[in-house]
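Here are my notes on the model you sent. Please read them with the coordinates open.

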Amino acid sequence: MEKFVDRNYFLVTKTNVKGVITYANKPFIDIVGGDGEKGLLGKPHNVVRHPDMPKLIFKMMWNAIKQKQEIFAYVKNKTFDGNFYWVFANVTASIGVRGEVVGYYSVRRAPNKKAIGIVNALYKDLLAAEKHGGVQASANLLQENLDKEGCSYNEWVNKLQRL
């Protein structure tokens with residue numbers, strides 16, 4: 001069953017450089033469920049990764065944030081009670097005083113409901129491509145779609161958020 005992110009809230013998490021959760025705010029904890037903060041802290045962030053998500057999206061995310069670039073993405077996550085929810089995520093690197101990456105920071109909000117159908121259909125196609133040809137096949141398919149749109153992934157998802 002789908003859960004919905006309240007439009008008035010931001011879901012916030014912080015991780016260390018290995019993706020282990022070091023902070024989760026109450027709206028994130030509330031939607032994910034489980035044992036609350038104690039059940040999340042110290043766990044890898046991918047504990048909420050939904051199997052409907054293409055690996056490519058996370059590969060792109062890690063590539064961007066490791067280079068200290070931000071990325072926007074539509075993400076379908078799972079909850080501890082077996083449900084799921086969609087978010088529009090902004091993920092960035094947390095930078096230390098010497099300019100080094102010390103962790104990662106993600107702020108998610110309610111996605112544009114008009115965009116979810118478009119994103120979900122593309123993600124299904126990307127998953128099918130990954131099953132047959134790996135992440136590179138998925139990347140090729142995504143690039144074909146972005147070329148048709150004439151924009152980058154970040155530009156595309158931001159356009160969808162404004163539909």
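1. A term first: helices here are DSSP runs of H or I with at least four residues, numbered from the N terminus. In that numbering, Gly150 follows α4 and has a positive phi, near 70°. Bear in mind throughout that this is a predicted model.

2. Helix α4 covers residues 113-149. With 37 residues, a straight helix at 1.5 Å a residue would reach 54 Å, but the end C-alpha atoms of α4 are only 20 Å apart. The bend is at Gly133 and amounts to about 140°.

3. At the start of α4, a side-chain oxygen of Asn112 comes within 2.7 Å of the backbone nitrogen of Lys114.

4. The buried residues of α4 include Ala115, Ile116, Val119, Leu122 and Tyr123, as well as Glu130, Ser138, Leu142 and Leu146. Among the elements covering the buried residues of α4 are α3 (55-66), β3, β4 and α5 (153-161).

5. Is Asn83 buried or exposed? Asn83 sits in the loop between β3 (71-78) and β4 (84-95). Its relative accessibility is 12%, so Asn83 counts as buried. The side chain of Asn83 makes a polar contact of 2.9 Å with the side chain of Asp81, and a polar atom of the Asn83 side chain lies 3.2 Å from the backbone nitrogen of Met1. Beyond neighbours within four places in sequence, Asn83 is in contact with Met1, Lys3, Asn77 and Lys78.

6. Strands β1 (residues 11-15) and β2 (residues 21-24) pair in the antiparallel sense over three bridges, with Lys14 opposite Tyr23 in β2. The two strands form a hairpin with five residues between them, and Gly19 in the turn has a positive phi of about 85°.

Conventions:
Residues numbered from 1 in each chain as written. Predicted model: local features only at pLDDT ≥ 70, side-chain atom pairs only at ≥ 80, totals over all residues. Heavy atoms only, no water. Pairing = 2+ DSSP bridges. Buried < 20%, exposed > 50% of the residue type's maximum accessible area, 1.4 Å probe, protein only. Polar contact = N/O pair within 3.5 Å; in protein donor to acceptor, adjacent residues only side chain to side chain. Contact = heavy atoms within 4.5 Å. Expected span 1.5 Å × (residues − 1). Bend = angle between axes of the 7 residues up to and from the residue.
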